[in-house]
Amino acid sequence: MAMIEHLIVKPQWQFHQQPKPPVKGIPIRIGDSPSIRRALGLDTPSCETSGAAEVNVETTGCAQTTQSNSHPTTPSQRNLKLSALSSQVPEATQLEDVRPPIWAMERQALCSSFPYFQSYQSGHYHTNGKTKGLLLDGHSAPGDACLARGKVLITHVGGGAAPSENGDFVLGKDQDIHSIQGSSLIATMNASEPIVVLAGSNYSFFPWLRSRARYCVLGYYYVTHIWEEPEFNESSLRGFFVRLKCRLEWAPSQGKPWFHSVVGGGWECDNSSPSEILERNPCQCRRRKIHVGSNLCYESQCLSFFRTPDGSLVNPRTLRLCSALLSPTISWKDDQPLPPLTPSSPGQEGYLSTRKGFFCTTCGLLSSRRRLLSLTCPGCKTTTAFSHTVQLPPTPTDWYFEDHSGNPWARLGNSYIIKRYKLHQCAYVHIIRPIGKDTRAQKRVDRLYEKYQEAKCLNLFCRGIASQGQVPGGLLTSYYGFNSGKEYRYRGESTSYAFEDSPSCVWTACQLVQRIANRALTARIQSVLFNECLNVAYCGGGQMNYHCDSEKGLGPVVASLSLGAPAVMSFRRKPLKKVIRDALRLKLGKVWSNESCLKLELRHGDVVVMEGTAMQYDFEHSVKVPSGLRFAATCRTIAK
């Protein structure tokens, strides 16, 4: 304990007498493409250490002091300074004229409609190792800035914030530049590719957005700089955590930002008090031209990271940013043609489109697609109806996978064949399939498939509000459906209709499933009478994740009719609690497996019967539709 207390009292960097050799293979922090370096003026004397212009820019929580090791102000004080340092609040008449061209009120609507940002939890979206979108929302960090009327943004990336005792959010762990966020930003920067930057209503520099939208798209920006710096925190043994910062610059080919009239031009530069020229530390790491008059090391893995030769830690809030970082420097000729930001409407693709969101060309709102056969914008109430054509029943010839269970097909009357699976002593799965193409059984399901595609039936399919999810604004179910008969709710709130008020094909499907299920049941259960039917539509593919039908009041038999495109249905045991899994592993040497124990390919006209109480309490199932249009009529018995 004495040694630990000694380490806490004396910072770690004071114990090292010799500097550590430079770390090999650390990626470049400043864009090295000739166009960006030339545009930023990095090859000119304007940003050199000795001849750099001394600019004093005030950013969030960066009070200028003369002590190099002084701690920054508290988060609450930073928030007070932010309101004083930010640009003046625009007048109400000025705000009325500014409307985001692309905006959203829900996170799911944003991610399902906007192709450049599809991250439901993180503020960073990347594909193929490169950043595509960056969302600026939530709490600002020390040193964040919005300059040149929004054309230059200094922001933090990487997450890791944790609430403090007074309710403010502070950095709770080191941010790694080699993480997926840092490496993808560096790859995008070195490739000179723009990213799409979005802002949320919690973004400190856009307070006027709170009366307009929850999210909005700012436009294309280039990542020009990315670096690491220390952020003081008493909970760290070193006295600080590593913060990842980056500089974003507006792509000039877009013209003026649409928000330039309601965002200030930044803060005035004060050259009256020149910054102290710090001596060069002894490490051999590559120097970054980030702060004026400093020869600091910006490699967090180096022992000289933000330290002077005598081992003192330098507070980045006491330094001033280089003048090339404070104003736009990329010219039109260095910019490249940019693809349009506005997404195409799914109305051009038809109702079989796989997209779950759409963009309103009238008001610019990104919305979630709620109905299968029409689109209605919640903002301007504009409705677009889909034109649809009846899809013919598919005729699959190949299996998606081989059935190695060894269970043979058996005849079930003159029109069906059946295959049975026993998963548990009280858990059975039966799959029943029509025989031939021209039989009465096959023609019956073909007519049902056409009836389900009539407009009066398709208009009832909609996405309900999911009861589970931690996404801001809530979540809608991934499937389109409606309920007939007895009201049934599980993961989502589906609209319920009486059988008399439902299309006739629903009652016909329920009666067909009931007759087939009663013929397939074992001797344990004599017969079943269904009083509920959940109708689900999958268009252009889709899936329903693992779930079970173990709600209170449900009968021991659940049966489903598959119409249209083929699907893969998987079964697995329910996940055990971590305590039980650890006990099985330690005492019995058994490791719980999350893999499926049974896979079935459901074709057009197949009926799956799940029998037994253990079927829903010990197992769960999922359905995945690779492509095409598929309907499922799942029937249950609900206690009255």
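Modeller: Before we start, two residues are said to be in contact when heavy atoms of theirs lie within 4.5 Å, and please keep in mind that the model we are discussing is predicted.

Biologist: Leaving aside its neighbours within four places in sequence, which residues is Y452 in contact with?

Modeller: Y452 is one of the residues with the most contacts inside the largest nonpolar core, a list that also holds F206, L218, F259, F461 and L561. Once the neighbours within four places in sequence are set aside, the residues in contact with Y452 are C457, L458, F461, C505, V506, A509, N535, L563, F631 and A633.

Biologist: Among contacts between residues at least 6 apart in sequence, what percentage join residues at least 24 apart?

Modeller: The protein chain is built with 11 helices and 27 strands, and buried residues make up 50% of its 640 residues. When we take the contacts in this chain between residues at least 6 apart in sequence, the part that joins residues at least 24 apart is 72%.

Biologist: How many residues apart are R214 and D137, whose side chains meet in a salt bridge?

Modeller: The side chains of R214 and D137 meet with N and O atoms 3.0 Å apart.

Biologist: Does D137 count as buried, partly exposed or exposed?

Modeller: Buried means under 20% relative accessible area and exposed means over 50%. R214, at 19%, is therefore buried, whereas D137 has a relative accessibility of 26% and so counts as partly exposed.

Biologist: Which strands hold R572 and E620?

Modeller: The side chains of R572 and E620 form a salt bridge with an N to O distance of 2.7 Å, and both R572 and E620 are buried. The pair ties together parts that are 48 residues apart in sequence, because R572 and E620 lie in strands β23 and β26.

Biologist: What is the relative accessible area of E601?

Modeller: E601 forms a salt bridge with R603, and their closest N and O atoms are 3.6 Å apart. R603 counts as buried at 16% relative accessibility, and E601 is also buried, with a relative accessible area of 2%.

Biologist: How many salt bridges does the structure hold?

Modeller: Besides the pairs we have discussed, there is a network of salt bridges that links E532, D549 and R636. For the structure, the number of salt bridges comes to 14.

Biologist: What does the count of disulfides come to?

Modeller: A disulfide needs two cysteine sulfur atoms within 2.5 Å. C377 is buried, with a relative accessible area of 1%, and the cysteine sulfur closest to its own, in C363, is 3.4 Å away, which means that it is too far for a bond. Another cysteine, C146, is buried too, at 6%. By this rule, the count of disulfides is zero.

Notes: Residues numbered from 1 in each chain as written. Predicted model: local features only at pLDDT ≥ 70, side-chain atom pairs only at ≥ 80, totals over all residues. Heavy atoms only, no water. Core = buried A, V, L, I, M, F, W, Y, C linked by side-chain atoms within 4.5 Å. Buried < 20%, exposed > 50% of the residue type's maximum accessible area, 1.4 Å probe, protein only. Salt bridge = Lys/Arg side-chain N within 4 Å of Asp/Glu carboxyl O. Helix = DSSP H or I, 4+ residues; strand = E, 2+ residues; numbered from the N terminus.
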